[in-house]
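Me: Please walk me through this model by question and answer. Keep it brisk.

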Amino acid sequence: MNSFNKLKPLASSVGLISRNYAFKSDLKIKWVRPEKIPCYKPQKSGDLLPMRPIAGSELLKDFRMSKELESADDTVKAMFSLDHNRRREMLENFKEEMVKRVQRHELDYGSIEAKLGLMTAQIRSLQEVMEKFPRQSAAKVHLKELIDKRKRFLRYLRRWDYRRFEYILEKLDLVYKPYPTHFHWITRKDSLRKLTDIHCDDIKNTRLQNYRQLLESQQLDFLAKKLENLEFIRKEQIECKVPVTVSVEQIQAVKKQYEELKEKRKLMEEKTQEEE
């Protein structure tokens, strides 16, 4: 029992030593975990615009060229409008519009451009559904599959025909967001280490900038003193009849630098006074 009591302070001191790594830093750095954005959201998928709201007074796709509806009553026309039919009919109109933006000719529905337009219309429709009903797992899975498929198509097009790739992005209002090459978890430790490095770099740059301003403020006096010392050294060497180490060109160069800096400071002071 006595030996156990003797080991108690030793154990407590060992515990304190082992916990020294968890000390709190004096730096005012606060890290907030970033909000997790699902992959089917427009911020991740790259869709810049949502599904266009189509006017309910538009006629169905198969009855637009009907001559009988031109002379029909308003009640009959309303029966064949999008407002009084299923949402699927409105989606068909939106699909046709997106495909016509990028198709090569009027009957083109099989090219990679037409497929991308069709997938974009379906993706934006499903994104609208997920905003209203976020618990629909079947729609969510289908939406993820479509986004992945469109990314594969865009990656292929970007590799083999970059001009057409840029044309598709512009016409469909898209941003290509490929998957990251290296995946890593966002942890508090790594984030705090990165924020600390940024904080230290800011302190270093601020101090260097302040020191630079201090040196620039003393530059004019330094050049004046340097010019005076060079002239004194040359005069003394000539009087003592020893080899002259300071040439006239060196003195003229320092004098020219002094005059240019003085003129520059004067112009800066005048500009500051005008701004005030």
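Reply: A definition comes ahead of the questions. Ala, Val, Leu, Ile, Met, Phe, Trp, Tyr, Cys and Pro count as nonpolar, Asp, Glu, Lys and Arg as charged, and the others, Gly among them, as polar. The model is predicted: local features need pLDDT of at least 70, side-chain atom pairs count only at pLDDT 80 or more, and totals for chains, interfaces and linings use all residues. Residues are numbered from 1 along each chain as its sequence is written, and side-chain values use heavy atoms, with hydrogens and water left out.

Me: Which pattern does the protein follow along the sequence?
Reply: Helices (H or I, at least four residues) and strands (E, at least two) are DSSP runs, numbered from the N terminus. The protein has nine helices and zero strands. Read in order, the pattern is α-α-α-α-α-α-α-α-α.

Me: What share of contacts between residues at least 6 apart in sequence join residues at least 24 apart?
Reply: Contact means heavy atoms within 4.5 Å. Counting contacts between residues at least 6 apart in sequence, the share that joins residues at least 24 apart is 65%.

Me: What percentage of the 276 residues is buried?
Reply: Buried means under 20% relative accessible area, exposed over 50%, and partly exposed in between (1.4 Å probe, protein chains only). By that cut-off, the buried part of the 276 residues is 22%.

Me: How many residues of H5 are buried?
Reply: The expected span of a helix is 1.5 Å times one less than its number of residues. H5 is mostly covered, and of its 21 residues the buried ones number 15.

Me: Which helices are included in what covers the buried residues of H4?
Reply: H4 spans residues 87-102 and reaches 24 Å between its end C-alpha atoms, close to the expected 22 Å. Its buried residues are Leu91, Asn93, Phe94, Lys95, Glu96, Met98, Val99 and Val102. Their cover includes H5 (112-132) and H7 (162-172).

Me: Is Glu96 buried or exposed, and at what relative accessible area?
Reply: Glu96 is found in helix H4. Beyond its neighbours within four places in sequence, Glu96 is in contact with Lys61 and Arg64. Glu96 counts as buried because its relative accessible area is 13%.

Me: Which helix gives the most to the lining of the largest pocket?
Reply: On a 1 Å grid over the protein atoms alone, a cavity is a set of points where a 1.4 Å probe fits but cannot get out, and a pocket is an open set with protein on both sides within 12 Å along at least five of seven lines; lining residues have an atom within 4 Å of a point. The largest pocket has a volume of about 770 Å³; of its 21 lining residues, the closest to the centre are Lys36, Ile37, Lys44, Phe183 and Ile186. The lining has 10 nonpolar, three polar and eight charged residues. With four residues, the helix that gives the most is H6.

Me: What is the volume of the largest cavity?
Reply: Grid points are joined across faces, edges and corners, and a volume is the space filled by probe spheres set on the points. The structure holds one cavity of 30 Å³ or more. Helix H6 (residues 137-160) supplies the largest share of its lining, four residues. The volume is about 40 Å³.
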